[in-house]
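Please look over the sequence and the model shown here.

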Amino acid sequence: MRIGIVGGLDHSELSHDRLARAHGCEVKHHTGMMRGTASAALEGLVGRADLVVIITDVNSHNAVRLARKILRATPRPHELVRRLGLARLLTLIAEHGP
């Protein structure tokens, strides 16, 4: 299962990657910064993900809006969370299954 994470803290990426790999999943991150070609990168991430997790606490409003707009056009499982710790990520993996 491919999980796309939009937003969050940069230093959490490695922990998310390790946990996901241990459970047979792949994680791709988008920082939520919307400069330059970031919107195209966000569209690609959402388009390839089996599950999209949008973190609202540490994210730009434009990234949240664009991710939700893309999800309306190409529906797929998604979760809006305020923060994403390892326990919450593990719960999402269990709920949506690899």
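## Basis

The model is predicted, and local features need pLDDT of at least 70, side-chain atom pairs count only at pLDDT 80 or more, while totals for chains, interfaces and linings use all residues. Residues are numbered from 1 along each chain as its sequence is written, and side-chain values use heavy atoms, with hydrogens and water left out.

## Nonpolar cores

A nonpolar core here is a set of buried Ala, Val, Leu, Ile, Met, Phe, Trp, Tyr and Cys residues joined through side-chain atoms within 4.5 Å. Buried means under 20% relative accessible area, exposed over 50%, and partly exposed in between (1.4 Å probe, protein chains only). The largest such core has 15 residues, and I3, I5, V53 and L84 touch the most other members. At least two residues of this core come from each of β1 (2-6), α1 (13-22), β3 (51-55) and α4 (86-96). Helices (H or I, at least four residues) and strands (E, at least two) are DSSP runs, numbered from the N terminus.

Contact means heavy atoms within 4.5 Å. Not counting residues up to four places away in sequence, V53 touches I3, G4, I5, V6, E79, V81, L84 and L92. Another core, of 13 residues, lies apart from the largest one, and L42, L45, V46 and V52 are among its members.

## Helices α2 and α3

Two packed helices are described by the angle between their axes and the distance between the axes. Axes are lines fitted to C-alpha atoms, for helices over the stretch in contact, and angles run from 0 to 180 degrees between N-to-C directions. The axes of α2 (residues 38-48) and α3 (residues 61-73) come within 10 Å and cross at roughly 45°. That makes α2 oblique to α3 (angles under 35 degrees count as roughly parallel, over 145 as roughly antiparallel, 65 to 115 as roughly perpendicular and the rest as oblique). The crossing is right-handed; a crossing is left-handed if the near helix is turned anticlockwise from the far one by less than a right angle, and right-handed if clockwise.

From α2, S39, L42, E43 and V46 meet A63, L66, A67, I70 and L71 of α3. These residues divide into seven nonpolar, one polar and one charged (Ala, Val, Leu, Ile, Met, Phe, Trp, Tyr, Cys and Pro count as nonpolar, Asp, Glu, Lys and Arg as charged, and the others, Gly among them, as polar). The buried residues in α2 are A38, L42, G44, L45 and V46, and their cover includes β1, β2 (26-30), β3 and α3.

## Helices α1 and α4

The axes of α1 and α4 come within 10 Å and cross at roughly 35°, and this crossing is right-handed. S15, H16, L19 and A20 of α1 make the contact with L86, L89, L90 and I93 of α4. The residues of this contact divide into six nonpolar, two polar and no charged.

## Individual residues

Which residues does L71 contact, leaving aside its neighbours within four places in sequence? They are V46, V52, I54, R76 and H78. L71 is in helix α3 and is buried, with a relative accessible area of 6%. The C-alpha atoms of L71 and V52 are separated by 8.7 Å, and the two residues are 19 residues apart along the chain.

Helix α4 contains I93 and A94. I93 counts as buried at 3% relative accessibility, whereas A94 is exposed, with a relative accessible area of 63%. I93 and I3 are 90 residues apart along the chain, with their C-alpha atoms separated by 8.7 Å. A94 and H61 are 33 residues apart in sequence and 28 Å apart in space, C-alpha to C-alpha.
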